[in-house]
Amino acid sequence: MASLAGAVAGQDGGALAGLWEPGLEQRVVLQLKAEEHDIETPYGLLHVVIRGSPKGNRPAILTYHDVGLNHKLCFNTFFNFEDMQEITKHFVVCHVDAPGQQAGASQFPQGYQFPSMDQLAAMLPSVVQHFGFKYVIGIGVGAGAYVLAKFALIFPDLVEGLVLMNIDPNGKGWIDWAATKLSGLTSSLPDTVLSHLFSQEELVSNTELVQSYRQQIGSVVNQYNLQLFWNMYNSRRDLDINRPGTVPNAKTLRCPVMLVVGDNAPAADGVVECNSKLDPVSTTFLKMADSGGLPQVTQPGKLTEAFKYFLQGMGYMPSASMTRLARSRTASLTSASSVDGSRPRACTHSESSEAMGQINHTMEVAAGGSLTKDGSADALSGFLDWCEKVGLELSPKVYVSKEGTVSDYGLLAREDLQMGEVLFTIPRAALLSQHTTSIRSLLEKDQASLESQSGWVPLLLSLLHEYTASNSLWRPYFSLWPDFSSMDHPMFWPEEERVRLLQGTGILEAVDKDLANIQLEYTSIILPFMESHLDLFDPKLHTPELYRRLVAFVMAYSFQEPLDEEDEDEKEPNPPMMVPMADILNHVANHNANLEYSLECLKMVTTQPISKGQEIFNTYGQMANWQLMHMYGFAEPYPGNTDDTADIQMVTVRRAALQGASTEAERQLVSEQWDFLCQLEMVGEEGAFVIGWEEVLTEEELSMTLKVLCMAAEEFKEFKEHEGWEEDTEDEESFTLSNETIPRLKASWKKLLHDSALLTLESYSSDLKAEQDLLNDKVVYGKLSQREQQALQVRYGQKRILHQLLELAS
């Protein structure tokens with residue numbers, strides 16, 4: 001009979017033994033070694049498996065399996081799923097096995113009293129205390145979900161959030177209890193448990209998955225111990241929770257909760273009832289279509305996506321890349337080519353946004369309108385009429401408006417929305433791209449002459465033509481942006497103002513590269529093409545200034561459809577395209593909608609519940625304020641952007657190391673060490689180390705750089721002879737460079753890091769206190785121009801991160 005691993009390997013991408021970290025070339029990283037522990041608790045020993053180490057102030061992910069299973073049978077497929085690795089590398093994972101349920105557990109003696117469900121919950125604080133966790137995010141299935149819910153009710157301060165799959169909040173009545181006993185008399189224990197885990201349809205089909213679990217339940221888990229757990233679960237009491245406001249002094253779960261159940265699961269009714277008893281503001285209900293009793297096994301990809309959104313809603317994963325779960329967007333002209341860079345995570349300012357896999361579209365949509373002076377009613381009405389004509393279906397539960405939005409046009413909820421609702425559907429024929437424009441055949445014919453560093457030229461030519469053609473299909477779409485004059489990217493600022501406001505932020509360098517590339521593309525590609533097709537283009541109309549405006553339009557509004565994962569290493573990225581309606585959504589880091597792609601259409605889908613009257617937001621992904629300012633012309637006010645970062649230029653670290661050298665021999669050693677780091681592709685003349693609020697996002701590059709530059713001559717000589725390879729030692733353990741670990745670095749490492757941060761702060765034209773005083777004085781701040789306010793937010797966030805680094809490295 002097939003093993004469990006074999007049975008589930010083909011489900012939704014399969015259970016992978018390795019990790020793949022996007023953005024650092026394709027490579028396989030071995031699973032973190034599991035550490036097994038037996039923890040003393042007031043009600044006996046608990047077997048616990050730990051993967052990873054605590055990451056700063058982040059909670060641990062703590063799992064509790066269902067009855068009949070253990071942590072491996074219940075969660076291996078889910079936690080080994082490749083996209084899940086992008087989450088778990090940012091958290092320590094703690095798997096708890098219920099007493100006596102782990103593989104190889106000794107049989108309990110006759111007369112052993114198995115802990116009650118309340119007592120199982122009361123054992124968990126001992127686990128939290130043993131490992132020094134401040135709090136946990138729980139993931140439980142079935143009986144494990146019930147235990148974690150009890151844990152959160154009894155110890156709410158220890159639980160940050162809960163994912164509860166197949167939870168039944170009701171205790172067993174005596175009729176149910178009798179039926180269970182009768183079933184136990186007529187069926188084997190594994191078959192009885194299978195009827196709890198799988199739907200009747202799955203059992204009747206007797207799938208390979210069901211057969212595998214029948215074998216595993218009967219052979220891996222001690223049957224006597226399992227019977228005790230099964231009996232205790234079936235004698236559970238009601239959870240005793242009620243939705244706030246429905247009864248006096250209602251008890252409920254105080255943390256964010258995501259309820260999950262397959263639409264054919266035996267627990268479906270129980271989960272629906274649990275949802276009715278929880279606070280709708282903090283509860284997400286995910287009913288997975290075409291899924292049976294174990295969605296974490298049969299659909300790990302969909303569950304991973306939902307879990308990622310759940311974590312983002314709580315403000316975690318600021319540095320996680322989004323891969324296919326957050327649809328990539330176009331970056332700047334200079335960043336578009338960086339996707340093929342050999343070490344894209346250690347990147348230049350212009351490369352950072354693309355290289356870190358962070359771009360997922362929206363833009364603060366500019367005010368427009370061609371027929372009314374204040375720009376809008378007639379233009380918007382015409383656009384909505386056009387949407388209907390081209391088959392763009394807008395849900396009656398939402399509407400487009402300028403009222404009640406954070407900036408200009410936006411999408412708002414007319415009614416309450418649940419997670420997973422489709423807000424609008426866009427047929428591919430309505431998209432504006434090089435493949436749909438009226439000049440597509442011409443672009444295809446001259447494809448070879450239109451190649452560029454950015455890869456945007458075909459779309460930009462399409463926009464040049466369609467924007468000025470009186471009979472363009474997309475004319476009502478363009479009416480929302482009559483002349484693109486409202487876009488206020490730094491590339492449109494006077495150079496003096498740009499330097500004065502943005503010095504030190506890295507935006508100056510990125511804009512300079514953009515402007516140089518725009519000029520080069522226009523003169524070397526666009527103008528020759530137009531002169532060859534004067535029947536379609538007029539260089540006096542299609543000017544460099546219009547081209548620059550359209551580049552900003554593409555930078556801010558376009559989408560880039562992701563490749564299938566199997567094609568990511570072999571194919572060029574898809575070209576950008578304009579997606580009407582999707583680009584109306586505004587941005588916040590904690591978004592509530594996401595664009596999904598299929599063969600026939602694109603859909604905007606909610607990623608969390610949205611209340612009536614709330615604005616619906618897409619997101620760029622995890623973007624720092626300097627990236628938002630560079631590409632979109634705005635920044636999130638401090639402290640709203642939890643994804644903000646500060647860069648330390650790689651050459652600044654070299655400069656700090658040279659300043660610390662007191663002799664010519666030491667300076668020569670630093671130069672040799674730097675050259676060697678360049679050979680290892682750890683550093684570059686234009687690269688930057690990216691520092692986040694909680695951790696260093698380029699930890700591999702920075703830790704290697706600190707290590708090599710702090711080596712004595714003999715140590716470096718030996719290290720170089722081994723070409724950078726050496727045995728790991730206990731005092732040089734590889735770990736994430738985080739707020740928790742930086743203070744524990746070697747003194748020489750901390751000094752170099754400290755000096756590098758100081759040199760970076762010197763590159764700004766003002767100090768932190770001056771920025772703080774401006775922000776605190778509301779009257780003075782209110783008199784600043786919009787550009788001055790936005791630039792201040794960028795500078796202040798970066799300086800706060802750098803000053804935090806100074807304190808950690810002191």
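Me: How many residues sit between E14 and E15?

Reply: There are 3 residues between them, and the two strands form a hairpin.

Me: Before I go on, what kind of model is this?

Reply: A predicted one: local features need pLDDT of at least 70, side-chain atom pairs count only at pLDDT 80 or more, and totals for chains, interfaces and linings use all residues. Residues are numbered from 1 along each chain as its sequence is written, and side-chain values use heavy atoms, with hydrogens and water left out.

Me: OK, what's the strand order in the open sheet?

Reply: E9-E12-E15-E14, so 4 strands with antiparallel pairing. E9 (393-394) and E14 are the edge strands, each pairing on one side only.

Me: Which residue of E15 is the bridge partner of leucine 595?

Reply: Methionine 604. Methionine 604 is also the bridge partner of phenylalanine 424, and strand E12 (residues 422-427) is joined to E15 by 5 antiparallel bridges.

Me: And how many bridges between E9 and E12?

Reply: 2, again antiparallel. Glutamate 393 has threonine 425 in E12 as its bridge partner.

Me: Switching topic: is E15 mostly covered or uncovered?

Reply: Mostly covered: in E15 (residues 601-606), 5 of the 6 residues are buried, meaning under 20% relative accessible area (1.4 Å probe, protein chains only).

Terms used. Buried means under 20% relative accessible area, exposed over 50%, partly exposed in between (1.4 Å probe, protein chains only).
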